[in-house]
Amino acid sequence: MNTSSTSMPPIARYNGLAIVLHWTLGLVLIGLFALGVYMADLPFSPERLKLFNWHKWVGILVLALSFVRLFWRLIRPAPALPPGIAQAMPAWQRLAHHGTHGVLYVLFFAVPLLGWAYSSATGFSVVLFGVLPLPDFVGKDAALAETLKEAHEIGAYLMALFVLLHVAAALKHQWLDRDGLIGRMWFGRS
């Protein structure tokens, strides 16, 4: 805990469900990205097919968690930045703060949906956990599949970049600014 926080008013925190969804989605995204990078260049094999299925299933989980997170965010808006922190931020940092969150929310939906559409275009439907077939977005189309594959990959790398920016900003606030802002999204009391 920051020792200077004793002279500062308490910082408004996110609620418990928002915190759990934030960290769960963050960890799942990191694992899913690592799996995607690992499996992308594997030769065709039963192992590769198994990993692709796991990747699809976890992608659908990300999509579902994103819907829950967005719904929760709409009914329980994020607490405002503390006035002292908001005033100390240059305008470009406030813009980056809001812009990064906005881009991440778009990518939370776009990347899994592009992956799902890519899977459909290849002719390999998503069968959730091997038992629940999900509808195809598009018909089998090799040219479209290539375009969707590239869009999915670009989206995944963009999301990784924005996650890194988000983490870097959080660490900046924690270690350089020492303003306690990370406590808003941390477990326990700040």
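A nonpolar core is a set of buried Ala, Val, Leu, Ile, Met, Phe, Trp, Tyr and Cys residues joined through side-chain atoms within 4.5 Å, where buried means under 20% relative accessible area, exposed over 50% and partly exposed in between (1.4 Å probe, protein chains only). The model here is predicted, so local features need pLDDT of at least 70 and side-chain atom pairs count only at pLDDT 80 or more, while totals for chains, interfaces and linings use all residues. Residues are numbered from 1 along each chain as its sequence is written, and side-chain values use heavy atoms, with hydrogens and water left out.

Let's start inside. The largest nonpolar core has 23 residues, and Leu-25, Ile-60, Phe-108, Trp-116 and Met-159 are among those with the most contacts inside it. Helices H1 (16-40), H2 (46-75), H4 (91-122) and H5 (142-177) each give two or more residues to this core; helices are DSSP runs of H or I, at least four residues, numbered from the N terminus. H4 brings the largest share, seven residues. Take Met-159: beyond its neighbours within four places in sequence, Met-159 is in contact (heavy atoms within 4.5 Å) with Leu-29, Leu-104, Leu-107, Phe-108 and Val-111.

Now for the rings. The whole structure holds eight aromatic pairs, counted when ring centres of Phe, Tyr or Trp (its six-membered ring) lie within 6.5 Å; planes under 30 degrees apart are stacked, over 60 edge-to-face, the rest tilted. Trp-23 and Trp-186 sit with centres 5.1 Å apart and planes at 85°, so they pair edge-to-face. Because Trp-23 is in helix H1 and Trp-186 in the segment after H5, this pair ties together parts 163 residues apart in sequence. Trp-23 is partly exposed at 27% relative accessibility.
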